[in-house]
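User: Please take a close look at one part of this model, the pairing of charged side chains. I would like one connected account, with the cut-offs stated.

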Amino acid sequence: MFECLACHTMWLPMDTGGSAPEFFTSLLGVFFFDSDVGFGTIVGSASFNVLFVIGLCAYFSGYDILPLTWYPLARDSSYYLLSLAVLAAVTGDKKVKWWEAGLLILLYFGYVTIMYFDPKI
């Protein structure tokens, strides 16, 4: 409820509100406390958002059968697997170098670019 109100008040998209608590939890865990909550929070939150939140949206959509094509699932799943593989490779030595962080940021902007030019579902 708070996330919906905060996103509506600050004109943020809903996906920002869905991941904001996990983002700030991992930010505090990584930079202010001696904890390894960051990696597990990122992967766990993403899995939860992909499976549970999207499933609830489909459940409450009002359709008996939701008319979707294969493309969004294939696009998002393949990019998610690529991102997880790069994240696992980057964090394998327990240190993230600046260029590795830059690579992850480029992956993010690549996905945003794909979504910007993607046709509406």
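**The salt bridges**

Analyst: Of the protein's 121 residues, 15% count as buried, where buried means under 20% relative accessible area, exposed means over 50% and partly exposed lies in between, with a 1.4 Å probe and protein chains only. The model is predicted, so local features need pLDDT of at least 70 and side-chain atom pairs count only at pLDDT 80 or more, whereas totals for chains, interfaces and linings use all residues. Residues are numbered from 1 along each chain as its sequence is written, and side-chain values use heavy atoms, with hydrogens and water left out.

The protein has 5 helices and 0 strands, these being DSSP runs numbered from the N terminus (H or I of at least four residues for helices, E of at least two for strands). Taking a salt bridge as a side-chain nitrogen of Lys or Arg within 4 Å of a carboxyl oxygen of Asp or Glu, the count comes to 3. Side chains of opposite charge can pair when their charged atoms come close.

Because its relative accessible area is 9%, Arg75 counts as buried. With Asp118, the side chain of Arg75 forms a salt bridge at 2.3 Å, N to O; this pair links distant parts of the chain, since Asp118 lies in the segment after helix 5 and Arg75 in helix 4, 43 residues apart. Both Asp118 and Arg75 are buried.

The salt bridge between Asp76 and Arg75 has its closest N and O atoms 2.8 Å apart, and a polar contact of 2.8 Å also joins these two side chains. A polar contact here is a pair of N or O atoms within 3.5 Å, where within protein one must be able to donate a hydrogen and the other to accept it, and residues adjacent in sequence count only if both atoms are side-chain atoms. Asp76, at 28% relative accessibility, counts as partly exposed, whereas Arg75 is buried.
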